[in-house]
Amino acid sequence: MPLLKTLFLLACFVTSTLIMAVDNWQYSQTPDWVKHTDYDLTTPAPIDHIQNGEFFRLIDDQFRVTIDAQIIKYKRFAVEAVNQKGKTPISQINIEFDPKYQHINLHSLNIIRGSEIINKLKSTKLSVLQREKQLEKQTYNGLITLNALLTDIRVGDVVDYSYSIVGSNPVYDGLFDTRRTFQWSDMIGKQSFRVLWGKQNPLYFNQINGDLELQVNQLGNFTEYSFVIERLAPSIWDSQSPNWYQPYGKAFFSELSTWKEVIEWARPLYQNAVKVSPEVKKIAEEIQEQHASKKAQIAAALRYTQNEIRYLGLQDGLNSHRPVTSEVTLQRRFGDCKAKTILLISLLKALDIESNPVLVDNDDGQVLDQRPVSINSFDHVIVTLELENQRYWLDPTIEYQVGPLDSLYQPDYGFGLILSSDASTLTAFGALNDTSKISVTEQFHIPESVEEPVKFNVSSIYTGVELQGKLSQIDKNGINQITNQYTEYYQRFYPGLTSTEPVSYQLNEEVGKLTVSERYSVSDIWEKQDNDYQIDFYASDISGYLYKPDATKRNAPLSLSYPVNASHTLEVYFEEKDWDFKDSVFEKDTDNFYFKKQISFKDNILKVQFSLQTKRDHVPVEQIETYLVNREIVYDKAYYGILKYGEESTQTSEIENYDFYLWFGIYLLSLMGAWIVAFTLWRFRAKTRPENYDSVLPAISPIKFSLLTIFSLGIYTMYWNYRVWRTLNKKHDLEIIPVLRGIFSIIFYLPLYLSLIDNAEREGEQRKIMPMWAAILLFTVYLAGTFNMFYLDSFGELLYMLVLTLPYLPLVIYINQSNGVETVKSFNSKVSLHFIIFVTFSIPVFSVDLLQKTNLIPATTVVKGNKIKSWDKDYLIKSQLIPNADPIIYFYSDDLFSIRNDGSGFTKNTLFTYWKEGDEMNKASASFSEVKAIEITWAEDDVDNTYLKVIKHDESWLTLTVSAYEGKDKEFIEGLANTSQDMKILLKEYL
């Protein structure tokens, strides 16, 4: 019966509307008050700035508002078909009106074809249609369309037509309020807008996104307001922007100037409809019997209105803004947002709870405070109330709201107009207590054998708006279809997946929580990787919220899902022991979202927790590039893979170098052993020293002195200084500490020179060592060489080793010519066994160091490109191991002997890396324009490597290896950031 009543009511509604519409149009002359507007027909259409093949050469709007609030709207259009596509839209004219209070006067209908004007007003077929464009939204507005179907339309034709709509909706009580969009995504040839204002009240004009010059003239008893625009550049912005972002230019005309006036107009419409009828009172009493607290009663009243009254709107005429009473709504068991609002307010009144209607807007609500005052600024109404010093916003049109009052989701409309006696302006919704959340837990039970299927369970918990959407999906699609949809979804990741049970769910209405459970079995989940096996797990529920827009170089903000509070947990249970994973935490906190990834491993259970919260509903234009970089980081982090080694697994890339590191370790141990043996033999040989060894200066051949100095890295120089000072101290009782003077030999170089001169004078020798100025010069060179070793890189250490011997050679030569040192010189200069052992095992170390510092073999640290030898660079270019002949800016090779075996670096345009596996050479590169993200894994210490994962737009990637020695990895990255602005943005978080 309720359905039959509804159908009968709708049939009567449609029939009566069509009957009224038949007599609501006529032909008539253009009114005298209309000002004729000329337009250009000769200038070619701007085909690059129009769509659908139609060019509006003229849009003319004129209003006449009399002193008694009679409103006539005159409209004229001239539109040209510039190509085949344009013939279809201009061949039909559709004029909408409400026959309950409006009628149409047709003034003209012409086709302009070149210089010919063809009058089609009386010969064109006219039809009256009721199309109901919002029927799918369960809304009937009663508007009628007068349709004119033109024939013989050709490319180049201009259809010029005009008409008037007489009358206005009586619900406005004669108030005039209109707006005009004057900037479109197409270019308009000419736009004319005019209001003849005959009322005593002032008419207010405002505009947004424009710079119109409003003309005001007095024409008898009317004031004329007008503006004209010609060929205004179109406003084109990127898609996927928030609903409230509409940068079109708009003009507003209204006789209301404050929101208080809008309240005074709208409030009586709702006040007069609120009535506590006997049926309303009965429902309220039942609610009171079942719920003791006020919060519970409010929630129950809201749910009754949401669930017991289906949404359907009859919004013709006065019903567009005036609500029906709760009695009518309860009788019909349907209603629109106004009817539901009145019913909820009536129920709350019966419960002794004061509440008020709130006018809101779905699209412009967030920026409503930046819009001019208008009675047409709203498209929805909800309810608000205050309880215990807290404001609640209640939407009686929302479905599937369960749980206590404080947990109910309310959309953030930005600003609303509360229709209460004490309200005077818009009210901000402020920070809402949004408890909406989705928590997904995926459990994988991994058996020991890779051949066995994996048990895979999913548990998802929904609250708030997430719960509403999921319950709606369940009711709409049914469990079987949802089971199939979920199975198909997971099969994209795991092709061997099958459902073992239908999807099930549990709804806890008391707390407002929905739990959905899924059960699967996955065969062949392990992916073969050579001889090993791998499983990849994806947190797609997280990464999906941060989408990549179609246009990445944007002129409009990017719409972002908000609010989002989502978590995704992977729990992997291993039957096999000996698994091991490092605990770690990764966080990415940006202006637009917060992301966290936490990994833990305990009791043979791997847990990877992902969470994401969005912070606002859009990404500002100036943050798009940063957002995209951060999105790619999250996209890559919303994943986790595990690797199981096969029984015949080949060694990994780290173990492939086992032989090298083994032999290198053996060499280091042998070197240490050789030095110990050499030291031991040296100490045994000391027993055979000449009798005067400790009483004369330590003479030694200059060649052996130099070799010992170089191969001992300067230690022998300290020892020789100690021996000289020790001898001088014994001879002349200098009261010094020879050991300290040996250790700090650089400081005591000049004192040693002067002490040797003094020693020569005391022993009556006439020989001179060298002039004082020469000693000072050599000391300066010695000092500079030492500082070069500490503060300069690469070649500085080699230079120091060579410079270290130079200042002492004059002193060594002088001592060798002293009296009584012949036997000591002969003893010290012999090529003994310990000397041979020491030099033999030291030569490789020194040679490698020398070759590295001269860049003949790879250095142990990052180098600038100009340090690479030309023959190596030519080889890399000819072998196409580096992408082009551009200068290399920074480079590092991890190979010990040749950069031809591996290397990583970058030029001014490209990142590159290459490496040899067996006899096969591999290479990879990415131009800067191909790179969408760079992830850096920093070295844990100075002897480790830093890794740069370069992710390209096609989702492929390459890894650059960079040594952290001496902090050169940071220099490498800073150098890369300085090559271009794009690189600087990608590396911003690491600088």
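Colleague: Why is Ser460 called buried?

Modeller: Its relative accessible area is 2%. Buried means under 20%, exposed over 50%, and partly exposed in between, with a 1.4 Å probe and protein chains only. So Ser460, at 2%, is buried. This is a predicted model: local features need pLDDT of at least 70, side-chain atom pairs count only at pLDDT 80 or more, and totals for chains, interfaces and linings use all residues. Residues are numbered from 1 along each chain as its sequence is written, and side-chain values use heavy atoms, leaving out hydrogens and water.

Colleague: What makes Thr441 partly exposed?

Modeller: Thr441 has a relative accessible area of 24%.

Colleague: Where do Thr441 and Ser460 lie, and how far apart are they in space?

Modeller: Thr441 is in strand β25 (residues 437–446). Ser460 is in strand β26 (residues 454–463). Strands here are DSSP runs of E, at least two residues; helices are runs of H or I, at least four; both are numbered from the N terminus.

Colleague: Which residues does Ser460 contact?

Modeller: Contact means heavy atoms within 4.5 Å. Leaving aside neighbours within four places in sequence, Ser460 contacts Ser439, Val440, Leu514, Thr515, Val516 and Glu518.

Colleague: Why is the pair of Tyr719 and Tyr722 called tilted?

Modeller: Rings of Phe, Tyr and Trp (its six-membered ring) pair if their centres lie within 6.5 Å; planes under 30 degrees apart are stacked, over 60 edge-to-face, the rest tilted. The centres of the Tyr719 and Tyr722 rings are 6.3 Å apart and the planes are at 40°, so this pair is tilted. Both residues lie in helix α13 (residues 715–732), three residues apart, about one turn of the helix. Tyr719 is partly exposed at 24%. Tyr722 is also partly exposed, at 24%.

Colleague: How do you know that the charged end of Lys949 sits over the ring of Trp957?

Modeller: The test asks for NZ of Lys or CZ of Arg within 6 Å of the ring centre and within 35 degrees of the ring normal. Lys949 is 4.6 Å from the centre of the Trp957 ring and is listed as sitting over that ring.

Colleague: And what is the distance for Arg391 over the face of Trp393?

Modeller: Arg391 lies 5.7 Å from the ring centre of Trp393.
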